[in-house]
Amino acid sequence: MPETPFWTQDSLEDLVSARSKIMGAGVWAAARPDDRPVISFAGGLPDVPSLPSEELLRATRNVLERERREALQYGGTFGPHPLREAIAERSSVIEGIPLTDEHVIISSGAAHGIGIACEALLDPGDTALVESPTFPGSLRTIHSFGAEIEAIPMDDEGLRVDLVEETLKRLADEGRRAKLLYTIPTHQNPAGSTLPLARREKLLELAREHRVMLLEDDAYGELWFGDNPPPPSLFALSGGELAIRVLTFSKIIATGLRLGWNLAPPTLITRMAALRYDMGSSPYLGRTVAEMIRNGDLDRHVERLRGIYRRKLERLCAAIEEHCSDYVSYRLPEGGFFLWLGLRPGLSALEVQQVANEKGVLIGAGPHFFADSNVTQHLRVAFSYTPVEEIEEGVHRLGEALREVAANSAVK
């Protein structure tokens, strides 16, 4: 065997695709698990004890008894038809507009749904507007298609739609057009904000005027904590015309399913399906989830989850008030998995993240979530995965990290 491999990262450069060159050799979400006994506030993962094992077993048994042949064959590029029909029926109620299976394409989770939407819309050099801060995985996807990203700042209520209008007018004056606007309007990741109805309606006006497709990432929309649901989706408010709504079963059933779906105009659904090369998502899993929808298990499970995550957030906020209140501020989210902590002036989020890590607490540093260099000093606390009995200790350690960084930074 030769001492030097024939294919190295350098020698591959004249062989790999343009998209591969854009992304480089770094692999997303491939970090090794931490072997230490850590308390993790890092990832937006579901609560483990609540995973619906019994419901999935019951649905699986029913599917294999009734439709084993169909469930264990290929299902086509649009995704399993029974799941598309079940989603369309359920979504018609949730969205308040009539939908059919033609409005639905099944994906391997929201990340895949965003990917196939971008593949159908973006060419190298196209312009995409992205709210900032936002989920880094989606930034990576949009960037991989060679799009030029225009970052739109947010405030406590979400996307600054007034700045969207300014940006679209500036681009028009420059002879440029934004094809796509990516937003997480409900229980935003990482900020936790929910875009008010008036801003949603104004955003739709701008999308229609400037012919911009809205890419509405809604992984957490069903997980609200109050008595009332959030405002209608952008997809619903536009009558199913001006937005691609990306959703997932990862947060409301289990991440291991790798199942999600896009709602979009049928003409665009067809375009996304035409670009797929994977023979579609698993018919077996799709029919299993369709069974959970039709027998009511999914809706009952989502209702339980709202209570579980509300109680976790309450425990988290109480612990923060006790251990961290001298150094952080926050606005209470109305749902989702995240609390966005603003740090006192002079504190570095990256330094706090590092010191907390040394104390066995994993947490997200705000600068990683921005689409441009206009970062703020925040921490993202994901409270969904952490066992409720560990939240107090985790926040206690975070408070120690904050005090240590503050002392070293001479923050008074």
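Q: Is Arg-211 buried or exposed?
A: The relative accessible area of Arg-211 is 62%. Buried means under 20%, exposed means over 50% and partly exposed lies in between, using a 1.4 Å probe and protein chains only. At 62%, Arg-211 therefore counts as exposed.

Q: At which pLDDT do side-chain atom pairs count?
A: Residues are numbered from 1 along each chain as its sequence is written, and side-chain values use heavy atoms, with hydrogens and water left out. This is a predicted model, in which totals for chains, interfaces and linings use all residues, local features need pLDDT of at least 70, and side-chain atom pairs count only at pLDDT 80 or more.

Q: What is phi of Arg-211?
A: Let's stay with Arg-211, which is in the loop between H7 and E7. Helices (H or I, at least four residues) and strands (E, at least two) are DSSP runs numbered from the N terminus. Arg-211 is a residue other than glycine, yet its phi is positive, near 55 degrees.

Q: Is His-187 buried or exposed?
A: His-187 is not a glycine either, and has a positive phi of about 55 degrees. You will find His-187 in the loop between E6 and H7. Its relative accessibility is 1%, so His-187 counts as buried.

Q: What is omega for the bond that joins Ser-132 and Pro-133?
A: Pro-133 belongs to the loop between strand E3 (127–132) and helix H5 (136–144). The peptide bond joining Ser-132 to Pro-133 is cis, with omega about 15 degrees.

Q: How are H6 and H7 oriented to each other?
A: Two packed helices are described by the angle between their axes and the distance between the axes. Axes are lines fitted to C-alpha atoms, for helices over the stretch in contact, and angles run from 0 to 180 degrees between N-to-C directions; under 35 degrees counts as roughly parallel, over 145 as roughly antiparallel, 65 to 115 as roughly perpendicular and the rest as oblique. The axes of H6 (residues 161–173) and H7 (residues 197–210) come within 10 Å and cross at roughly 10 degrees. H6 and H7 are therefore roughly parallel.

Q: Which residues of H7 does H6 meet?
A: Contact means heavy atoms within 4.5 Å. From H6 come Val-161, Val-164, Glu-165, Leu-168 and Lys-169, and they meet Arg-199, Lys-202, Leu-203, Leu-206 and His-210.

Q: How are Tyr-220 and Phe-337 paired?
A: Rings of Phe, Tyr and Trp (its six-membered ring) pair if their centres lie within 6.5 Å, with planes under 30 degrees apart counted as stacked, over 60 as edge-to-face and the rest as tilted. Tyr-220 and Phe-337 have their centres 5.1 Å apart and 65 degrees between the planes, making the pair edge-to-face.

Q: Which residue has its charged end over the ring of Trp-224?
A: A charge sits over a ring if NZ of Lys or CZ of Arg is within 6 Å of the ring centre and within 35 degrees of the ring normal. One such case is Arg-19, over the face of Phe-145 at 3.9 Å from the ring centre. Over the ring of Trp-224, at 3.6 Å from its centre, sits the charged end of Arg-306.

Q: Is Glu-150 buried or exposed?
A: Glu-150 sits in strand E4 (residues 148–155). Leaving aside its neighbours within four places in sequence, Glu-150 has contacts including Arg-170 and Arg-176. Its relative accessibility is 17%, so Glu-150 counts as buried.

Q: What is the relative accessible area of Gly-399?
A: Gly-399 is part of helix H13 (residues 388–409). Neighbours within four places in sequence aside, Gly-399 is in contact with His-323 and Cys-324. Gly-399 is buried, because its relative accessible area is 0%.
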